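Thanks, everyone. I'll keep this short. Have a look at the sequence and the fold on the screen.

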Amino acid sequence: MSVADVRPAPLHPILQRVLRAIRRGREQGFHFPGNYLGISFDRVSVERSIVSLRGDGRAPDGLADGTAVAVLADLALAASVRAALPSDTRLATVNMQLQLTGAPCDAPLQAESSFHGYLHGAAGRQAISRVTLRSGDREIALGAATFMVLNLPAGTPIPFLSPADPRADDAPLPDPDRDLGKDERAIYERAQMALGDSGAAGDFAQSFWGYRTQPGRDGATGTLANGPHIGNRVGHVQGGVLLGFAQATARAALPAGWMASSMTASYVSPGEGSELRARAEVLHRGRTTGVVRVTVATETGRRVLEVLTTHSLGAPAA
């Protein structure tokens, strides 16, 4: 066999997915978490925006993955607001509420949202929207949010909220050895590391996002290293990823068998710095319901996010 006949082994499918997300980010200016999850803005309008998640939105337990749900909900809620505003506007999430149904996630996720005007009497311009998430014909979650309307910092790319083109999957991928910028290489190398750490694709997502949680006597703690793999367009941790991190920490505060049923998140300040830290406190744990409070802060102690989650004890297997 000649040297010319020796072909390199094909890249792992997850690494191919990472490179596709990097390529798409170059084309339409959107942040990496959304591109990695395969977010597609199928319809963007004030009355009815439809946003789908083309990647796998399932968790290992068969329910919808918490981070996938949070990112999809956040982006869909914002999409209907963006339809009413100029394209160079920035939205900062003020609060988000999600009611989960516990239905299995056995089909791609899709979100339908609508814009409901502005908060009356507020000094700042705060936009209100609501959303329904479905997996096939099953409702996965219902939600609402408020966004502060801000000016986009100079030099920040304006994203194109466009449908995903299935034909783009066949386009050439960036060469991981020669064609990646500094942030792109950091994302790619993190994916390689997460594949090695997780050992199985089912654990890849949490390893890749970087959630590190540790149960304790009265709750749990968590750490999240910041980086371009979880950043939004201005370099802060994307709001849905922040909520996913809080959910993971809340889940670690309870024994196995408890599932999240709702969450109410208040976004206090941007997720900045090299590392974020979470603290989950179990406020109530009854026979079938529980309540957990999670605070996410920077290394210096500046509060970033406050989340109150409710949980239900899962029914025993038949």
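Let me start with one pair. Which residue in β4 is the bridge partner of isoleucine 50? The partner is glutamate 112. Keep in mind that we are looking at a predicted model.

β2 covers residues 49–53, and β4 covers residues 109–118. They pair in the antiparallel sense, over 5 bridges.

Stay with β2 for a moment. It is mostly covered, with 5 of its 5 residues buried. Ser49, Val51 and Leu53 point one way. Ile50 and Ser52 point the other way.

On to β1, another partner of β2. β1 and β2 are antiparallel, joined by 4 bridges. Here phenylalanine 41 stands opposite valine 51 of β2.

Now step back to the whole sheet. How many strands form it? There are 12 strands, and the sheet is open. Reading across, the order is β1-β2-β4-β5-β6-β3-β9-β12-β11-β10-β8-β7. The pairing is antiparallel. At the edges stand β1, residues 39–43, and β7, residues 211–215. Each has a single partner strand, so one side of each is left without a neighbour in the sheet. On average, neighbouring strands of this sheet are turned by 25 degrees against each other, direction ignored.

β7 and β8 run antiparallel, with 5 bridges between them. Arginine 212 has threonine 223 in β8 as its bridge partner. A hairpin makes the link, through 3 residues.

Next, the domains. The protein chain is divided into domain 1, residues 39–163, and domain 2, residues 210–317. Their centres, taken over C-alpha atoms, are separated by 19 Å. Domain 1 puts 24 residues into the contact, and domain 2 puts in 20 residues.

What about the record? UniProt, in an unreviewed entry, places "domain: Acyl-CoA thioesterase-like N-terminal HotDog" at residues 234–308. In the model that span is 19% helix and 49% strand. Its end C-alpha atoms lie 27 Å apart.

Now the inside. The largest nonpolar core has 82 residues. Those with the most contacts inside it are Tyr36, Leu133, Leu243, Val294, Val296 and Leu305. Which helix gives the largest share? That is helix α3, residues 66–82, with 12 residues. Domain 1 and domain 2 each supply at least three residues to this core. As background, nonpolar side chains tend to be buried together in soluble globular proteins.

Take leucine 243 from that list. Leaving out residues up to four places away in sequence, leucine 243 touches Ala70, Met96, Leu98, Met263, Ala265, Tyr267, Leu305 and Val307.

First up, alanine 250. It is found in helix α6. Is alanine 250 buried or exposed? Buried, with a relative accessible area of 0%. Beyond residues up to four places away in sequence, alanine 250 touches Ala280, Val292, Val294, Thr309 and His311. Alanine 250 and threonine 310 are 60 residues apart in sequence. In space, C-alpha to C-alpha, they are 9.4 Å apart.

Then serine 261. It lies in strand β9, residues 258–267. Why does serine 261 count as buried? Because its relative accessibility is 17%, and the cut-off for buried is under 20%. Again setting aside residues up to four places away in sequence, serine 261 touches Leu98, Gln99, Leu100, Thr310, His311 and Ser312. Note that His311 is a contact of alanine 250 as well.

Last, glycine 235. Its place is in the loop between β8, residues 219–225, and α6, residues 239–252. Glycine 235 counts as partly exposed, at 46% relative accessibility. Glycine 235 and alanine 73 are 162 residues apart along the chain. Their C-alpha atoms are separated by 20 Å.

To wrap up, return to the opening pair. Isoleucine 50 bridges to glutamate 112 in β4. Around it is a sheet of 12 strands.

Key. Residues are numbered from 1 along each chain as its sequence is written. This is a predicted model: local features need pLDDT of at least 70, side-chain atom pairs count only at pLDDT 80 or more; totals for chains, interfaces and linings use all residues. Side-chain values use heavy atoms; hydrogens and water are left out. UniProt positions are given in the numbering used here, feature names are shortened, and annotations may be inferred rather than shown by experiment. Helices (H or I, at least four residues) and strands (E, at least two) are DSSP runs, numbered from the N terminus. Two strands pair if DSSP finds at least two bridges between them. Axes are lines fitted to C-alpha atoms, for helices over the stretch in contact, and angles run from 0 to 180 degrees between N-to-C directions. A nonpolar core is a set of buried Ala, Val, Leu, Ile, Met, Phe, Trp, Tyr and Cys residues joined through side-chain atoms within 4.5 Å. Buried means under 20% relative accessible area, exposed over 50%, partly exposed in between (1.4 Å probe, protein chains only). Domain bounds come from an automatic or database domain assignment. Contact means heavy atoms within 4.5 Å.
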